[in-house]
Amino acid sequence: MREIFERVLATGVGLDEAGILEVLRSPDEELPELLQAAHDVRMKWCGPEVEVEGIVSLKTGGCPEDCHFCSQSGLFASPVRSVWLDIPSLVEAAKQTAATGATEFCIVAAVRGPDRRLMDQMREGVKAIREAVDIQVAASLGMLTQEQVDELVEMGVHRYNHNLETCRSFFPNVVTTHSWEERWSTLKMVRDSGMEVCCGGILGLGESIEQRAEFAAQLAELDPHEVPMNFLNPRPGTPLGDQPVVEGPDALRAIAAFRLAMPRTILRYAGGREITLGDLGTRDGLLGGINAVIVGNYLTTLGRPATEDLALLADLKMPVKALSATL
Amino acid sequence: MYCDRCGFPKDNSDHGFCEAARKLEPPRYCTHCRRRMKVQVVPAGWTATCVEHGTVTA
């Protein structure tokens, strides 16, 4: 295993699927060495800085899709109701995010893809944020047409999030209303447009270890700028509402494996880390390959207070990436 | 009174799991009438509104 780590560290070339699987199957006794290797790779190929981001839901709930993990699907008996955020509140959320030192603010909508009303809201919202706040604006609006990709570029959206969620072979177990290939198609259009690609997924959906390795390899093939790593937080009323949460050591092994698969990407802690890893595990992940965090609340659930994450980064002597470094 | 997470009556039933989960979730049901509330989560807080009993924030 040490030989594999040293090769990734020296070359910056990520592990292939077999190598990722070997890492995911490594025993608990080897976890400290694995996390150290992933941390070394992150420090060499990304540096010590951590990218901080805030996210907000512009349109919550009422989604026509059936992603089995999601409380915002209108097809399940979830308690989440449909609601829209108004533009002044959106700008205020961006200001709150910027006040934490974050350089990224991602506007998210629970939709299959944006309609004219949502694109108009985005245009108005992005303009208002850019006039009031010094922060990069990202978006996550589901599947896009080429015209919508072009329109988002013209608005000034610099990064687009569209998660593959899980590997190709397991995807039909999680979503039946659209295909993995449709998501891939949107990602290709985003990539070709010049917008940065943000693409990750959720671990703990019921996928096997082999499928977790398959997913990391497929993400590596896509080569996104950013990979958000979520851990399932089972939501009441969804088909995965009773799914067990990922065990802490498995989550840390996955973080290290994803880092070793993608040495140069921005690997971001996203939802579920509070439940899967807790405070101590959060620290271990930042010392095991993670180099970006979502601070504050998520879309429908709450996160740790931003001050706690920022204090942890200061304690670990990991500087928050400045806005000037992203421009 | 109703549990603001699961919406079932508080009476004598155990809502310890709900109370623990609520540390990382906003309320979803009105404690007075059990209506599902409109909830908006933002990075530094949340707002939950019942059409009959008004808005709570954090």
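Colleague: What is meant by the largest nonpolar core, and which residues have the most contacts inside it?
Modeller: The largest nonpolar core has 102 residues. A nonpolar core is a set of buried Ala, Val, Leu, Ile, Met, Phe, Trp, Tyr and Cys residues joined through C-beta atoms within 7 Å. Buried means that 20 or more other C-beta atoms lie within 10 Å of a residue's own; exposed means 12 or fewer, and partly exposed lies in between, with C-beta atoms placed from the backbone. A:Ala216, A:Ala257, A:Phe258 and A:Ala261 have the most contacts inside this core. The element that gives the most to it is helix H10 (residues 248–261) of chain A, with nine residues.

Colleague: How far can I trust the numbers, and how do I find a residue?
Modeller: This is a predicted model, so local features need pLDDT of at least 70 and side-chain atom pairs count only at pLDDT 80 or more, while totals for chains, interfaces and linings use all residues. Residues are numbered from 1 along each chain as its sequence is written, and chains are lettered from A and ligands numbered from 1 in the order in which they are written.

Colleague: Which residues does A:Ala216 touch?
Modeller: Leave out residues up to four places away in sequence. A:Ala216 then touches A:Ile20, A:Ala257, A:Phe258 and A:Ala261. Contact here means C-beta atoms, placed from the backbone, within 7 Å of each other.

Colleague: What class does A:Thr301 fall in, and why?
Modeller: A:Thr301 has 19 other C-beta atoms within 10 Å, so it is partly exposed. Its place is the loop between strand S10 (292–294) and helix H13 (306–315) of chain A. Setting aside neighbours within four places in sequence, A:Thr301 is in contact with A:Asn233, A:Gly271, B:Leu24 and B:Glu25. A:Gly272 is 29 residues away along the chain, and its C-alpha atom is 9.2 Å from that of A:Thr301.

Colleague: How many residues of chain A are in contact with chain B?
Modeller: 20 residues of chain A are in contact with 15 residues of chain B. Strand S1 (51–60), helix H4 (87–99) and helix H11 (273–276) of chain A each give two or more residues to that side of chain A. By class, it has eight nonpolar, 10 polar and two charged residues. Nonpolar covers Ala, Val, Leu, Ile, Met, Phe, Trp, Tyr, Cys and Pro; charged covers Asp, Glu, Lys and Arg; the others, Gly among them, are polar. The predictor gives the complex an ipTM of 0.95 and a pTM of 0.96.

Colleague: What pattern does chain B follow along the sequence?
Modeller: Chain B reads α-β-β-β. Its radius of gyration is 11 Å, close to the 10 Å from the globule rule for 58 residues, so chain B is as compact as a globular protein of that length. Buried residues make up 24% of chain B. Mean pLDDT is 95 for chain B, and 100% of its residues reach 70 or more; pLDDT is the predictor's confidence in each residue, from 0 to 100.

Colleague: Why are strand S1 and strand S2 of chain B said to pair, and in which sense?
Modeller: Two strands pair if DSSP finds at least two bridges between them. Strand S1 (residues 38–42) and strand S2 (residues 45–50) of chain B have five bridges, so they pair, in the antiparallel sense. B:Gln40 stands opposite B:Thr47 in S2(B). A hairpin of two residues joins S1(B) to S2(B). S2(B) also pairs with strand S3 (residues 54–57) of chain B, antiparallel, over four bridges. There, B:Thr49 has B:Thr55 in S3(B) as its bridge partner.

Conventions
Contact = placed C-beta atoms within 7 Å. Rg over C-alpha atoms; globule rule 2.2 N^0.38 Å.
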